[in-house]
Amino acid sequence: MNPYRGLAIIFGFYALGEFTSFALNLTIPGSVLGMLFLLGALLAGLIKLDWVENEAEFFVRNMSVMFIPPGVGIVSYIGLIKSQAVPIFAALILSFLITLLVTAKTVEFLRREEG
């Protein structure tokens, strides 16, 4: 219920992830590590969901604000993107098709196991 506790927990795990990524010179972003550490703490029962739920919902509701800086970056590199349009779109289409295929096969496999 205490918003400061929830924010301190979320930002604490974010900082822990950033520190770990920097200290071990990992290619995984610190924010991803922080989320994994938080997930582990939640699953282990070290952190109660009630402590961070409201703050996490706030961040998810306002996630669109987080996409403004990448959007500005895309606009500033539009020339480079235009010159590499074919490889970019080929990678997008290929990754979409692979994701679609893997998802379909996973659902097919899981449904076969249920029945």
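**Notebook: salt bridges, pocket and patch**

I began with the charged side chains and found K105, E108 and R112 linked in a network of salt bridges. The model is predicted, so I noted its limits: local features need pLDDT of at least 70, side-chain atom pairs count only at pLDDT 80 or more, and totals for chains, interfaces and linings use all residues. Residues are numbered from 1 along each chain as its sequence is written, and side-chain values use heavy atoms, with hydrogens and water left out.

**Entry 1: the network**

I searched the whole structure and got two salt bridges (a side-chain nitrogen of Lys or Arg within 4 Å of a carboxyl oxygen of Asp or Glu). In one, E108 meets K105 at 3.7 Å, N to O. In the other, E108 pairs with R112, the closest N and O atoms again being 3.7 Å apart.

I then looked up the spacing in helix α6, residues 85-114 (helices are DSSP runs of H or I, at least four residues, and strands runs of E, at least two, numbered from the N terminus). K105 and E108 are three residues apart there, so about one helical turn separates them. E108 and R112 are four residues apart in α6, which also means about one helical turn.

For exposure I used relative accessible area (buried under 20%, exposed over 50%, partly exposed in between; 1.4 Å probe, protein chains only). E108 is partly exposed at 42%, and K105 is partly exposed at 47%. R112, at 54%, is exposed.

**Entry 2: the largest pocket**

I looked up the largest pocket and read about 550 Å³ of space in it (a volume is the space filled by probe spheres set on grid points joined across faces, edges and corners). A pocket here is an open set of points on a 1 Å grid over the protein atoms alone, where a 1.4 Å probe fits, with protein on both sides within 12 Å along at least five of seven lines; lining residues have an atom within 4 Å of a point.

I listed 13 lining residues, with I10, Y14, S31, M35 and F59 nearest the centre. Helices α1, α2 and α3 (49-61) each supply at least two residues of this lining. By class, the lining has eleven nonpolar residues, two polar and no charged.

**Entry 3: a nonpolar patch**

I noted a nonpolar surface patch of about 770 Å², made by L24, L26, I28, V32, M35, L36, L39 and L43. Patch residues have over 30% relative accessible area and no salt bridge, nonpolar side chains being joined within 5 Å. L24 sits in the loop between α1 (3-23) and α2 (30-44), and is exposed at 56% relative accessibility.

Terms used
Patches are made of residues with over 30% relative accessible area and no salt bridge: like charges are joined within 9 Å, nonpolar side chains (Val, Leu, Ile, Met, Phe, Trp, Tyr) within 5 Å. Accessible areas come from the Shrake-Rupley method with a 1.4 Å probe; for residues, only the protein chains shown count as cover. Ala, Val, Leu, Ile, Met, Phe, Trp, Tyr, Cys and Pro count as nonpolar, Asp, Glu, Lys and Arg as charged, and the others, Gly among them, as polar.
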